[in-house]
Amino acid sequence: MSLKDKLDLSVTIASIPFWGIVIYYAYSQMMPRAQFGVLFLGGMLLIYLLSEYTEELEKDTYYEQILMILSALVVIFTTGYMYMNFNVLNVSRTGYALEYEYAIAIAFALAMIYLTWRSFGLTFLVVVLAGIGYGLFGDLVPGVFGHGGISPRRVLRILVLDLEGFYGSLNQLIAAWVALFLLYAGMLRGYGAFDLILRVAVRSAKYLSSGVAQTAVIASAVIGSVNGSQTANAGMTGSFTIPMMKENGMRKESAAGIEAVASTVGQVLPPVMGAAAFIMASLVTGISYVDVLVAGLAPAFIMLVCIAVAVHYTAAPQLDTDNVQSIVEGTLTKTEVIFESVKFAVPILLLIYYLGIAQYTVMTSALYTVITMFIMAYLMSVLSVVYDNRDFSAVGAEIRSTTEETIDGARHGAVILAPIAIIIAAINGVVDILEASAVPTSISLALMDLSGGVLLIAAILGVIICILLGLGMPTSAAYTIVALLIAPAFINQFFVPEMAAHFFVFYAAILAGITPPIATAVAVAAGVAEADFWGSAFEAIKIAAPLFILPFSFIYHPEIVSGEFHASMLATTVIILFGGIGIIHGVNYRFSLNRIGRYSFRWLFFVFGIVAMVYPSMMIQLGACALIIAMLALQNMKVVTEFKPIAQ
């Protein structure tokens with residue numbers, strides 16, 4: 001066995017005790033959460049370094065290998081020291097540290113900066129360094145954003161030694177809540193759930209002219225909801241959905257745009273919402289995780305319907321055939337489908353029961369879900385073999401196969417979780433420094449000043465800032481930073497309801513993945529499709545046009561994210577949905593009129609759609625909907641000349 005194979009095996013071996021500790025903590029809570037957060041982050045950093053070191057061996061980049069070995073030594077020593085001295089650091093010497101402890105903090109901070117750069121590139125490295133630099137040299141910043149400056153020693157205490165910063169509340173939240181859901185996602189992958197989802201999507205696609213593209217939307221959205229990163233999801237699901245679309249006649253740019261948008265939409269789907277749901281439940285006062293999920297149903301429904309319509313408009317004229325190319329190996333018998341469906345349905349139904357009916361905590365619900373998934377995987381595998389073959393001698397082989405799937409799922413879950421843990425820890429450090437320098441208050445004052453107290457202008461500025469802050473980050477990280485820095489401005493200065501403000505910044509932040517010139521999800525999808533980036537971005541923006549308007553709906557119609565189902569909320573949801581479809585209609589279709597007439601109708605649909613989605617008066621919204629219906633009626637009565645999809 002080569003060194004590379006040994007290291008690759010070590011990642012798998014390391015993931016088993018790591019998940020064992022996570023599961024045991026969820027069961028026993030045998031230590032303070034902050035102390036467990038120290039162990040969790042240390043384990044994640046080491047697993048990440050092991051997995052990345054394997055790649056560096058192939059590249060023969062010795063300087064990188066040296067940096068990674070040094071980082072691993074620093075992580076091991078710091079984790080051990082912080083864990084063993086937890087009570088002293090957390091109780092006896094809060095706000096004070098010994099000289100050698102500052103040296104430990106410097107080494108660990110440098111390791112975190114290096115790993116942040118390695119996992120998320122130069123863009124976020126600049127964000128981290130700028131945040132630390134702002135804390136240190138805020139006294140040199142003029143105007144409303146200036147502050148008295150934070151001493152280097154206090155910065156080190158915030159980042160490491162006071163068990164805030166990198167080890168802070170967000171890291172602890174990932175450790176206690178999100179980690180188990182990522183283990184669940186890894187087990188779903190290991191046991192073949194994604195393959196089953198894809199088979200169901202492919203079968204349903206046979207009944208629509210845009211079925212091939214809708215398959216991509218269904219698969220990417222479902223998988224993306226638990227993946228936690230629209231960019232990673234675009235690469236993972238795009239590797240099979242994009243070739244499928246291209247093989248059936250789809251233009252490269254359209255295929256890339258559809259995949260990028262589908263991966264983005266997946267980030268808002270309950271129950272996971274790209275892991276942002278857990279963080280929102282911890283940040284919004286007096287709100288439970290279940291409340292967040294319920295509040296997210298209406299906007300997620302609006303987005304799914306709008307995107308499905310947009311994808312149909314885009315794909316139907318392009319596809320050469322309704323026959324979906326085979327993208328899954330072999331076929332499943334009816335018996336296999338039943339056993340597979342039961343295997344995956346029972347854990348998710350129990351999760352819904354634990355959270356929504358029994359009102360268990362998120363950690364306990366996730367723990368029981370993971371255990372149930374584990375039991376159902378073995379039980380259904382054995383029952384399937386016995387039922388099909390009536391041969392008990394094959395049970396041993398099936399158990400071994402399921403065990404291999406379990407180990408593979410555990411490894412995959414750890415590898416997915418590691419970069420998320422790194423970026424959340426880095427953000428936790430930066431945010432704690434910014435909060436110590438009162439940046440949220442400064443941003444609130446600046447937004448109020450720039451907008452002149454006008455909510456609409458503040459909301460437009462807020463969306464732009466959220467997009468900039470969300471560049472290149474996974475969903476949970478993007479939401480966290482805008483929730484802590486931007487949402488308070490709308491809550492405190494403009495008196496927007498707390499839940500509405502958080503959904504506003506959440507939906508705005510995920511737009512970064514499809515907004516040029518960065519548009520990381522588009523860039524990845526375009527790379528897979530071998531398509532032009534700008535053409536792909538243009539397709540993505542056309543398809544996702546209502547997504548750029550929907551955050552404003554939360555500001556002016558907070559009832560749709562209130563989590564309460566009543567007549568007014570349902571009526572508003574339908575009106576906003578109709579407005580979104582109006583926008584899709586105007587953006588993705590054109591008329592066979594002269595140039596002025598064609599663009600006039602397109603803009604009328606677009607403008608009326610915006611009014612229906614955002615305007616605070618329901619009477620005006622209904623008037624806009626009536627005008628959209630009237631224009632559609634004119635088309636059907638052929639008062640307007642022939643109406644057809646945009647030529648591709």
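Helices in this briefing are DSSP runs of H or I with at least four residues, numbered from the N terminus. By that rule Phe-503 and Tyr-507 both fall in helix α22, which covers residues 498–510. The model is predicted, with a mean pLDDT of 82 for the protein.

**Confidence**

- Residues with a pLDDT of 70 or more make up 88% of the protein.
- Confidence is highest in helix α25 (residues 545–556), where the mean is 93.
- Strand β2 (residues 643–645) has the lowest confidence, with a mean of 43.
- The pLDDT is below 50 over residues 639–648, and this stretch makes 31 contacts in the model beyond near neighbours in sequence.

**Aromatic residues**

- The structure holds 25 aromatic pairs.
- One of them joins Phe-490 and Phe-494, with ring centres 6.0 Å apart and 35 degrees between the planes, a tilted arrangement.
- Phe-490 and Phe-494 are both buried.
- Phe-503 and Tyr-507 form another tilted pair, at 6.3 Å centre to centre and 40 degrees between the planes.
- Within α22, Phe-503 and Tyr-507 are four residues apart, about one turn of the helix.
- Phe-503 and Tyr-507 are also both buried.
- A single aromatic cluster is formed by Phe-18, Trp-19, Tyr-25, Phe-36 and Phe-40.

**Cysteines**

- Zero disulfides are found in a search of the whole structure.
- Cys-466 has a relative accessible area of 0%, under the 20% cut-off, and therefore counts as buried.
- Cys-625 is buried as well, because its relative accessible area of 8% is also under 20%.

**Helix α18**

- Helix α18 spans residues 439–451, 13 residues in total.
- From first to last C-alpha, α18 reaches 18 Å, close to the 18 Å expected at 1.5 Å a residue.
- The buried residues of α18 are Val-439, Pro-440, Ser-442, Ile-443, Ser-444, Ala-446, Leu-447 and Ser-451.
- Cover for these buried residues includes α5 (99–137), α17 (395–436), α19 (455–469), α20 (475–485) and α21 (487–492).

**Helix α19**

- The 15 residues of α19 should span 21 Å at 1.5 Å a residue, so the 20 Å between its end C-alpha atoms agrees with that expectation.
- Buried residues in α19 are Ala-458, Ala-459, Gly-462, Val-463, Cys-466 and Ile-467.
- What covers the buried residues of α19 includes α18, α20, α21, α22 and α25.

**Thr-369 in α16**

- Thr-369 lies in helix α16, residues 362–389.
- Its relative accessibility is 1%, so Thr-369 counts as buried under the 20% cut-off.
- A polar atom of the Thr-369 side chain lies 2.7 Å from the backbone oxygen of Ser-365.
- Leaving aside residues up to four places away in sequence, Thr-369 touches Tyr-184, Pro-347, Leu-351 and Tyr-354.

**Lys-6 in α1**

- Lys-6 is placed in helix α1, residues 3–28.
- With a relative accessible area of 48%, between the 20% and 50% cut-offs, Lys-6 is therefore partly exposed.
- Lys-6 and Thr-54 are 48 residues apart in sequence, and their C-alpha atoms are 9.1 Å apart in space.

**Positive phi in residues other than glycine**

- Most residues other than glycine have a negative phi.
- Leu-163 has a positive phi, near 60 degrees.
- The position of Leu-163 is in the loop between α6 (152–161) and α7 (169–191).
- Leu-163 is buried, because its relative accessible area is 6%, under the 20% cut-off.
- Glu-530 also has a positive phi, near 55 degrees.
- The loop between α23 (520–529) and α24 (533–543) holds Glu-530.
- Glu-530 is exposed, because its relative accessible area is 62%, over the 50% cut-off.

Notes:
Residues numbered from 1 in each chain as written. Predicted model: local features only at pLDDT ≥ 70, side-chain atom pairs only at ≥ 80, totals over all residues. Heavy atoms only, no water. Phe/Tyr/Trp six-rings, centres within 6.5 Å; stacked < 30°, edge-to-face > 60°. Buried < 20%, exposed > 50% of the residue type's maximum accessible area, 1.4 Å probe, protein only. Helix = DSSP H or I, 4+ residues; strand = E, 2+ residues; numbered from the N terminus. Disulfide = S-S within 2.5 Å. Expected span 1.5 Å × (residues − 1). Contact = heavy atoms within 4.5 Å. pLDDT = per-residue confidence, 0-100. Polar contact = N/O pair within 3.5 Å; in protein donor to acceptor, adjacent residues only side chain to side chain.
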